[in-house]
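The sequence and the model come first, and the description follows.

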Amino acid sequence: MIQNKDLIQYILGISDNAMILGQRLGELCGHGPNLETDIALTNISLDLFGQTRSYLQYAAKLKDDGSTEDDMAYLRKEHEYKNVLLVEQPNTDFAYVIVRQFLFDVYHLLFLEQLSESKDQQLSAIATKSIKEVKYHVRFSGDWVKRLGDGTKESHNRIQAAIDILYPYTNEFFEASEVEKLAMSSEIGVNVQDLKTEYLKLVTQLLTEATLTFPEQVYFLSGGKQGKHTEYMGFILADFQYMQRTYPNMSW
Amino acid sequence: MTATSAPNIDTNLLAILETVSDPEIPVLTVVDLGVIRSAVQKEETVFIELTPTYSGCPAMDVISDDLTAAFKAQGLETKIELILDPAWNTDWISEKGRDQMQAYGIAPPLDETSDKQVLLGNARMVGCTNCGSTNTQLVSQFGSTACKALFKCEDCLEPFDYFKCLR
Ligand SMILES: [Zn+2]
């Protein structure tokens, strides 16, 4: 049996991916390249925050010390956030936003499909609910990868550049952390290593269709699952935590 | 397969529940939307199980407050629990609800296969809420709220929302 404190850490790992990517997409509100895309990206952000709330409400309940979902979301230190490095990468341009989304969405869907089989009923319920939403996300991001890749010379070059920069962050998905191993051995967590083959197959398929390729020489980057983040994380948190830090216990 | 279990609602509570509607689709009551999974009265307290349409749907908090207020007006306390399992799906929207949506200007969800076709832009099947034509085209997979996509009618040129199928 997995201990409560480890289960909480496991849940935070999952929800921090959704939350930090949701925050990155939220930054684009009012800045999308056109109205429809702006709305789509913020809708995806909203879905991710909704999923985050379900996870954090559950984690707060397990913690059982009066902590709330807001405490869990806003009052941790940088190294206590366990999201993968990919989701904290900046909104450099629209190609980066789409590639980051696509590389995460494909993994997210595969991950949730496994999590929906979890022995933990609440995690299974959240995953089942989220799958329905993430199917729309991957359709949206995949569609744009094809459009930009197989679009103009300029769009092709720019999205290829984004893939070259962001692809090195994807291997972290499949490097199981200690807590992921614990959750996996108690049949609560997902065997992330097992997702890699299917992931690469699906991503390669779509990139080929979009006339794009993976970079040849790759030095994979990781550390987020251990709380070692890239330089961007502090800035995200400064923005994200500002209201709770400035006005403690504020609520809407 | 989708769970189609009918909700467990005390008949004497139905009239009060039907006074509460989705704040984003005011013509649709929470009962017709299918988000009330159970409502049972024990003495002076009504126990309600509410399920969200989409995880991030901001309407859920408003609906909870509105339910509490509606029962309070009748001298009843409420205990509302948000449940995720089984997950809400668009089959739970009642026939009456679908008709009301259409009349309000939101095309109700098609079945899963057709839904996929129209959202990929491969087929024209969604009925225009203004003129009824099915010569309609996807503008954006995401509309004014997470549950809707944006369409336009090629005949009368009217833009309208389509409530996406969720299964
Ligand atoms: Zn029309």
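In this predicted model, helices H4(A) and H5(A) cross each other in a left-handed sense. Helix H4 covers residues 94-115 of chain A and helix H5 covers residues 121-149 of chain A, and their axes come within 7 Å and cross at roughly 145 degrees. The residues that make up the contact of H4(A) with H5(A) comprise 17 nonpolar, seven polar and three charged ones.

**The zinc site of chain B**

The zinc ion has as its protein donors the SG atoms of B:Cys128, B:Cys131, B:Cys153 and B:Cys156, which lie 2.3 Å from the ion. Along the chain, these donors follow the spacing C-x2-C-x21-C-x2-C. Why is the arrangement of the four donor atoms around the zinc ion called tetrahedral? The angles that the donor atoms subtend run from 107 to 115 degrees, and four donors count as tetrahedral if all angles lie between 85 and 135 degrees.

Strand E9 (residues 148-153) of chain B runs antiparallel to strand E8 (residues 136-140) of chain B, and four bridges join them. Strand E9(B) is likewise antiparallel to strand E10 (residues 159-163) of chain B, to which five bridges join it, and B:Lys148 has B:Phe163 in E10(B) as its bridge partner. E9(B) and E10(B) form a hairpin with five residues between them, and in its turn B:Leu157 has a positive phi of about 70 degrees.

These strands belong to an open sheet of four strands in chain B, with the order E7-E10-E9-E8 and mixed pairing. Strand E7 (106-107) and E8 of chain B stand at the edges and have a single partner strand each, so one side of each is left without a neighbour in the sheet. The pairing of E7(B) with E10(B) is parallel and spans two bridges, with B:Ala107 standing opposite B:Tyr162 in E10(B).

**The sheet that includes E4(B)**

Another open sheet of chain B is formed by four strands in the order E1-E4-E5-E6, again with mixed pairing. Its edge strands are E1 (8-9) and E6 of chain B, each of which pairs on one side only. Strand E1(B) pairs in the parallel sense with strand E4 (residues 36-42) of chain B over two bridges, and B:Ile9 stands opposite B:Ala39 in E4(B).

| Strands | Sense | Bridges |
|---|---|---|
| E8(B) and E9(B) | antiparallel | four bridges |
| E9(B) and E10(B) | antiparallel | five bridges |
| E7(B) and E10(B) | parallel | two bridges |
| E1(B) and E4(B) | parallel | two bridges |

**A loop residue of chain B**

Between strand E6 (77-82) and helix H4 (95-104) of chain B there is a loop, and B:Trp92 lies in it. Is B:Trp92 buried or exposed? With a relative accessible area of 10%, B:Trp92 is buried, since the cut-off for that term is under 20%. The C-alpha atom of B:Trp92 is separated by 4.9 Å from that of B:Gly34, although the two residues are 58 residues apart along the chain.

Note on methods. Residues are numbered from 1 along each chain as its sequence is written. Chains are lettered from A and ligands numbered from 1 in the order in which they are written. This is a predicted model: local features need pLDDT of at least 70, side-chain atom pairs count only at pLDDT 80 or more; totals for chains, interfaces and linings use all residues. Side-chain values use heavy atoms; hydrogens and water are left out. Donors are N, O and S atoms within 2.8 Å of the metal (3.2 Å for Na, K and Ca); water is not among the atoms, so sites may look incomplete. Four donors count as tetrahedral if all angles lie between 85 and 135 degrees; four count as square planar and six as octahedral if opposite donors are over 155 degrees apart and all others between 65 and 115; anything else is irregular. Axes are lines fitted to C-alpha atoms, for helices over the stretch in contact, and angles run from 0 to 180 degrees between N-to-C directions. A crossing is left-handed if the near helix is turned anticlockwise from the far one by less than a right angle, and right-handed if clockwise. Ala, Val, Leu, Ile, Met, Phe, Trp, Tyr, Cys and Pro count as nonpolar, Asp, Glu, Lys and Arg as charged, and the others, Gly among them, as polar. Buried means under 20% relative accessible area, exposed over 50%, partly exposed in between (1.4 Å probe, protein chains only). Two strands pair if DSSP finds at least two bridges between them.
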